[in-house]
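Welcome! Here is a friendly walk through a few spots in the model shown below. Keep the structure open as you read.

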Protein chains: 6
Amino acid sequence: MRLDGRAQDERRAMKLTVNTNKYAEGSVFIEVGDTKVICTATVEERVPPFMKGQGKGWVTAEYSMLPRATHTRNQREASRGKLTGRTMEIQRLIGRALRSVVNLEALGERSVLIDCDVIQADGGTRTSSITGAFVAMTMAIHKLAVKHNLPVFPVTDYLASVSVGVIGEQLLLDLNYEEDSKAKVDMNVVMTGQGKFVEVQGTGEENPFSRDELNGLLALAEKGISEMITQQREALGAIAGQIGGGTQA
Amino acid sequence: MRLDGRAQDERRAMKLTVNTNKYAEGSVFIEVGDTKVICTATVEERVPPFMKGQGKGWVTAEYSMLPRATHTRNQREASRGKLTGRTMEIQRLIGRALRSVVNLEALGERSVLIDCDVIQADGGTRTSSITGAFVAMTMAIHKLAVKHNLPVFPVTDYLASVSVGVIGEQLLLDLNYEEDSKAKVDMNVVMTGQGKFVEVQGTGEENPFSRDELNGLLALAEKGISEMITQQREALGAIAGQIGGGTQA
Amino acid sequence: MRLDGRAQDERRAMKLTVNTNKYAEGSVFIEVGDTKVICTATVEERVPPFMKGQGKGWVTAEYSMLPRATHTRNQREASRGKLTGRTMEIQRLIGRALRSVVNLEALGERSVLIDCDVIQADGGTRTSSITGAFVAMTMAIHKLAVKHNLPVFPVTDYLASVSVGVIGEQLLLDLNYEEDSKAKVDMNVVMTGQGKFVEVQGTGEENPFSRDELNGLLALAEKGISEMITQQREALGAIAGQIGGGTQA
Amino acid sequence: MRLDGRAQDERRAMKLTVNTNKYAEGSVFIEVGDTKVICTATVEERVPPFMKGQGKGWVTAEYSMLPRATHTRNQREASRGKLTGRTMEIQRLIGRALRSVVNLEALGERSVLIDCDVIQADGGTRTSSITGAFVAMTMAIHKLAVKHNLPVFPVTDYLASVSVGVIGEQLLLDLNYEEDSKAKVDMNVVMTGQGKFVEVQGTGEENPFSRDELNGLLALAEKGISEMITQQREALGAIAGQIGGGTQA
Amino acid sequence: MRLDGRAQDERRAMKLTVNTNKYAEGSVFIEVGDTKVICTATVEERVPPFMKGQGKGWVTAEYSMLPRATHTRNQREASRGKLTGRTMEIQRLIGRALRSVVNLEALGERSVLIDCDVIQADGGTRTSSITGAFVAMTMAIHKLAVKHNLPVFPVTDYLASVSVGVIGEQLLLDLNYEEDSKAKVDMNVVMTGQGKFVEVQGTGEENPFSRDELNGLLALAEKGISEMITQQREALGAIAGQIGGGTQA
Amino acid sequence: MRLDGRAQDERRAMKLTVNTNKYAEGSVFIEVGDTKVICTATVEERVPPFMKGQGKGWVTAEYSMLPRATHTRNQREASRGKLTGRTMEIQRLIGRALRSVVNLEALGERSVLIDCDVIQADGGTRTSSITGAFVAMTMAIHKLAVKHNLPVFPVTDYLASVSVGVIGEQLLLDLNYEEDSKAKVDMNVVMTGQGKFVEVQGTGEENPFSRDELNGLLALAEKGISEMITQQREALGAIAGQIGGGTQA
């Protein structure tokens with residue numbers, strides 16, 4: 001039994017609240033246990049310079065934590081004058097993962113920017129950001145698709161993410177902060193609605209891991225992500241039907 | 001009648017929710033109409049270098065807006081690599097205002113850092129930050145006072161803030177964003193529970209203002225702030241009795 | 001009696017020397033007691049990106065202190081790699097104040113940049129900067145008006161600024177550095193030639209102040225500023241007649 | 001057959017030249033096809049502040065590319081004034097991977113800094129950096145072990161890294177730049193001499209991948225890394241015997 | 001005959017005004033034609049970290065131009081967030097030159113910081129800065145020597161600097177801005193009172209120069225610098241006697 | 001006799017290896033004793049903004065040292081977030097020197113960027129960079145001249161550089177690091193194939209130097225540079241014939 005009473009393959013309670021921001025084209029407040037992230041999606045009718053003239057859109061993400069999202073206060077990156085390596089790594093991951101389920105040609109020369117702001121952190125902030133960001137992005141793209149009457153709905157599949165890890169001999173699903181800091185192996189997995197991998201990032205800094213452990217962790221992740229996608233579908237309501245549908249109703 | 005139906009001397013609905021953060025020593029979620037700010041207070045058992053060895057404490061504040069707190073998305077200051085002048089001006093104002101009602105000697109060589117993070121902006125973000133920050137700070141200082149059994153409660157008075165302005169011939173209390181962008185005179189006022197001024201910052205960039213207008217605006221601010229302080233007292237509950245009490249029960 | 005023998009409502013000696021810079025379109029060396037500021041005005045035949053295409057001009061200001069303008073040497077902001085919050089606050093204030101007396105439409109799509117460089121500081125550097133900057137700006141705009149034969153002279157009124165404060169029970173006009181560091185209330189006031197307020201910034205960080213004190217301080221400021229404007233008029237000589245005149249001779 | 005004539009499971013020629021730097025405690029010039037990296041290891045008799053007083057050492061890495069290591073010249077990060085996200089991600093990866101095979105307690109309160117400077121890039125710069133860095137680090141730690149007569153040799157196992165990917169239906173080992181830019185799945189794998197995983201980073205940004213593909217890629221990586229480790233053993237010569245030996249001869 | 005009527009070996013009028021700053025330990029306002037520089041010297045009772053514990057002092061310099069010191073306004077380095085290469089090169093030159101005539105052991109573990117701020121630029125700002133800085137530094141060191149009763153006066157010789165150059169076939173002394181921009185060879189020379197070279201920096205970017213031209217330019221510089229040193233001696237008055245004297249009266 | 005057995009007027013062994021980089025338009029690996037520098041030249045079909053529309057080209061250089069090029073490791077400038085003054089001074093010098101032997105009109109509106117990356121440093125890194133950069137630049141310009149069939153070959157003369165200095169009473173050619181740190185006078189000289197000076201930078205920070213010493217040092221430099229140019233001619237092979245030829249074969 002885990003510290004918070006969960007079974008080894010049991011996720012924390014997850015809650016998705018949509019439309020929490022008055023201005024953003026898409027917005028979701030995601031809570032995974034005590035981890036809380038505000039995800040907003042902004043649509044811009046232009047692409048970054050390196051994408052110009054290709055007839056394709058772009059999806060990108062930014063990630064940040066409020067200074068007191070954690071046990072002890074962290075200095076703001078804005079005061080330090082630069083982003084930490086951790087932040088850059090995470091926002092690159094989120095953007096890459098989201099793009100894997102977007103048909104950029106169908107989007108046209110437009111950008112969707114996702115902001116993931118962690119209000120409170122208790123482990124799994126990057127995976128929760130991806131899971132929430134997918135919903136915010138899909139809402140924003142839906143508005144865009146309606147407004148411009150896009151012939152093909154640009155979101156091609158669901159996308160969610162969870163962390164898994166090894167503590168002692170146990171393989172665990174959805175680590176909280178306390179578990180994360182004890183884990184000898186830590187893996188973040190991003191998967192699609194069709195059960196394919198988009199990202200597998202496993203690290204055994206303190207303990208290299210075997211092929212068997214890897215397989216066990218991937219199975220746990222698959223279970224968790226498939227449950228999450230069910231909740232995403234509910235949160236999206238009527239929009240859900242369009243994902244991967246190809247042509248737009 | 002104003003655009004949102006308020007009377008000229010009527011504030012927007014204000015809501016203070018306390019203890020919204022699991023880790024911070026004090027935390028408040030303040031909503032003033034559609035303006036929403038997370039205020040957290042962090043206690044540190046040390047003071048900045050320039051205050052060392054004086055036997056006094058320090059109170060300081062940081063302010064930030066999420067990128068999509070506004071109609072159009074703003075670039076993160078962390079990505080730009082530096083704070084804007086507006087942010088620096090606001091966080092200096094918040095810190096200065098809070099210190100005016102704290103007995104720094106009674107605090108001892110400790111710091112209270114207030115973070116004001118604007119989740120959604122609809123005018124009055126700096127004044128709402130001050131009003132919320134006061135409550136978060138007082139909660140944190142209360143914990144500190146209990147823990148260290150401080151002989152004197154360091155918070156000497158209430159503190160709240162509101163904006164007032166002139167549109168056409170009308171003097172208005174608590175401007176929302178739309179009003180703010182039309183106002184020819186804009187004034188932020190910070191006052192104490194005893195009705196004294198801590199900050200008066202009036203600007204007539206497009207229309208210099210007369211002594212009469214100034215007087216009318218100050219009267220409006222006084223009314224609004226005194227109502228706000230009543231709500232702060234309720235939010236603080238039992239702690240409220242200690243403010244300005246001198247010796248601690 | 002004050003430390004330097006002045007009466008409570010007496011300004012320090014102020015001297016305005018014009019045309020001190022061989023290249024600038026307008027230049028003034030302002031001395032207020034031992035506070036000395038070089039103000040230069042530069043005209044550019046373009047506006048910043050955010051003002052383009054509106055048929056209006058722009059006025060902006062930058063402020064800096066030489067490292068040894070003060071008792072102890074300050075690190076250069078250029079070496080630190082960023083502006084302090086204080087500098088940003090002051091240059092925003094100067095720009096805002098100057099714009100309040102300029103008809104930006106009459107200016108056309110041109111910019112006037114004012115540089116205020118403090119050579120020596122003895123209190124009141126921001127207020128002296130405003131008072132000097134107004135003269136340098138008016139000289140530069142005059143040249144511009146002649147050169148382009150502008151139908152309306154863009155400067156609509158005089159503008160000057162002074163600090164006032166409270167030490168003990170005394171209300172004082174034009175604080176020097178020593179007084180400023182003892183003042184419990186400190187207020188900077190910017191007014192026009194017609195006696196209207198452009199900026200009122202009062203701070204009682206260590207001592208909140210009453211409505212009566214506020215009124216007394218504003219009266220002092222009014223007296224000081226009106227005297228300063230008389231000196232500005234003399235310094236401007238023939239140009240003075242055009243201010244607020246509407247149509248250009 | 002691949003563009004350069006290699007079989008699908010065939011690595012490029014790899015060459016390790018040791019002691020290429022006159023000053024560094026360990027140095028290796030690694031060539032993997034046309035990818036060329038200078039790896040130097042520097043020993044410092046202190047640890048970073050966050051590690052102080054724990055009786056443990058630290059290993060960290062920095063990574064950079066010369067501006068003309070690539071087809072078109074890249075701007076120097078030193079001129080841009082900050083590291084890119086890609087660089088930060090890579091240097092965090094290298095450091096983490098190296099630490100997984102170092103007994104930090106056995107190292108004592110000392111740091112080993114590895115610099116990986118890419119002289120020429122043709123795909124696989126991060127994996128080649130890890131493979132070369134391991135050798136440079138081991139040489140430096142050997143000098144340290146001899147000098148301080150450490151009772152336990154701090155390097156616990158071999159460590160090498162290779163990239164694998166999917167082009168069309170083919171799974172390929174050790175992608176060069178041209179292959180890398182066509183791959184729909186790209187995976188970097190770091191493994192130990194005992195065949196355990198330290199890092200698995202697979203990305204299918206343009207094409208999510210199946211469990212079967214993942215398994216095939218891991219098998220390829222395993223083959224390539226085991227061959228690389230044989231070459232590392234040769235390059236290390238007499239030092240090789242100490243790795244993982246526990247007690248030092 | 002030159003544009004301003006000077007002979008080929010004639011300097012511009014130079015004026016040294018001392019004690020222009022109320023706070024600095026030494027201060028000089030130097031005017032060389034229309035080039036005007038404020039030089040202030042600040043004494044600190046400590047040395048930079050890299051000089052600690054050597055029983056020696058340090059002399060360093062900073063150089064800056066006001067934005068409107070030149071025909072067209074330059075952006076402030078503080079706004080750009082970094083120093084230009086030109087500024088860094090100049091301040092390294094000034095510091096190096098001054099240190100060549102200071103006995104750092106005699107100074108003790110103290111620093112003298114020289115600030116050279118160019119108020120108006122018309123060619124020769126770096127050479128004028130050196131000439132003025134020497135006087136400000138000597139005044140500050142004199143105060144220090146008296147205060148601490150130093151047994152040896154730390155300034156060992158005079159130091160001044162001038163620019164020379166080639167236009168067409170003519171070798172010219174002390175170029176103004178217009179001449180400087182036409183010169184095919186440009187040389188800055190720093191010499192001591194005893195006629196030795198401290199710095200010789202000659203550049204023929206557009207026209208490499210011969211040994212004969214070099215010799216002719218050095219002769220001109222020698223003449224100019226020796227005249228300047230006569231003026232420095234007058235400006236220093238009674239202090240002048242101590243320079244190079246070894247023991248202090 | 002010198003520490004490494006060289007005569008007073010004897011250079012260290014110099015080796016130029018061309019075409020060391022697979023991508024660059026010109027590349028040279030220069031070794032001068034234990035000083036090793038990679039020089040690459042990149043051609044761009046555009047000029048920097050300040051050169052646009054003048055029908056002329058531009059040549060510029062960047063310089064950097066790998067962190068462990070020296071006895072103790074230096075922090076990367078990319079991590080510090082800015083270039084040191086030393087680096088900026090050196091890269092300005094290299095660019096200026098190279099431009100002195102390029103006919104910018106003949107180059108057309110194109111840029112040549114030279115990167116000098118010091119792999120190992122043992123004194124004379126800036127002079128070796130210039131000597132190597134000249135060869136890399138000439139190779140790149142040759143390719144350009146062929147490709148665009150330029151009527152005039154843009155390189156007008158050879159260019160090389162060496163350091164000379166004074167230790168005790170001895171004048172020495174081509175100082176290594178150990179000698180450099182003992183030298184009381186240090187001079188870097190850049191000369192053309194026709195024996196003219198492009199740069200003469202002599203510094204006697206710890207010991208001002210006489211006209212006689214200057215003359216002796218220049219003679220040594222002349223000897224060394226003329227030998228170096230012979231080696232450059234060999235390294236350039238067939239291209240060598242075009243330098244200074246005016247019209248292209």
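This is a predicted model: local features need pLDDT of at least 70, side-chain atom pairs count only at pLDDT 80 or more; totals for chains, interfaces and linings use all residues.

F209(D) has a relative accessible area of 0%, so this residue is buried. A pair of aromatic rings is described by the distance of the centres and the angle of the planes. Searching the whole structure gives 18 aromatic pairs over all chains. For F197(A) and F209(D), the centres are 5.7 Å apart and the planes meet at 40°, so the pair is tilted. This pair crosses between chains: F197(A) belongs to strand 9 (residues 197-203) of chain A, while F209(D) sits in the loop between strand 9 (197-203) and helix 6 (211-236) of chain D.

Another tilted pair joins F209(E) and F197(F), with 5.7 Å from centre to centre and 40° between the planes. Here too the pair crosses between chains, from the loop between strand 9 (197-203) and helix 6 (211-236) of chain E to strand 9 (residues 197-203) of chain F. Both F209(E) and F197(F) are buried.

| Arginine | Tyrosine | Distance from the ring centre |
|---|---|---|
| R233(D) | Y158(D) | 4.9 Å |
| R233(E) | Y158(E) | 4.9 Å |

Next comes R12(D), found in the segment before strand 1 (14-18) of chain D. Is R12(D) buried or exposed? Its relative accessibility is 6%, so R12(D) counts as buried. The side chain of R12(D) reaches the backbone oxygen of D122(D) at 2.8 Å. Beyond its neighbours within four places in sequence, the contacts of R12(D) include R6(D), D34(D), G123(D) and D174(D).

Finally, let us turn to chain A and an annotation. The unreviewed UniProt entry marks R86(A), G124(A), T125(A) and R126(A) as "binding site". These residues are spread over 41 residues of sequence yet cluster in space, with a largest C-alpha distance of 13.5 Å.

R86(A) is part of helix 2 (residues 85-99) of chain A, and its relative accessible area of 29% makes R86(A) partly exposed. Its side chain makes a polar contact with the side chain of Y63(A) at 3.2 Å. Not counting residues up to four places away in sequence, R86(A) touches several residues, among them R126(A) and, in chain D, R92(D).

R126(A) lies in helix 4 (residues 125-148) of chain A and counts as buried at 18% relative accessibility. Leaving aside neighbours within four places in sequence, R126(A) is in contact with R86(A), I90(A), L93(A) and N188(A).

Notes. Residues are numbered from 1 along each chain as its sequence is written. Chains are lettered from A and ligands numbered from 1 in the order in which they are written. Side-chain values use heavy atoms; hydrogens and water are left out. Helices (H or I, at least four residues) and strands (E, at least two) are DSSP runs, numbered from the N terminus. Buried means under 20% relative accessible area, exposed over 50%, partly exposed in between (1.4 Å probe, protein chains only). A polar contact is a pair of N or O atoms within 3.5 Å; within protein, one must be able to donate a hydrogen and the other to accept it, and residues adjacent in sequence count only if both atoms are side-chain atoms. Contact means heavy atoms within 4.5 Å. Rings of Phe, Tyr and Trp (its six-membered ring) pair if their centres lie within 6.5 Å; planes under 30 degrees apart count as stacked, over 60 as edge-to-face and the rest as tilted. A charge sits over a ring if NZ of Lys or CZ of Arg is within 6 Å of the ring centre and within 35 degrees of the ring normal. UniProt positions are given in the numbering used here, feature names are shortened, and annotations may be inferred rather than shown by experiment.
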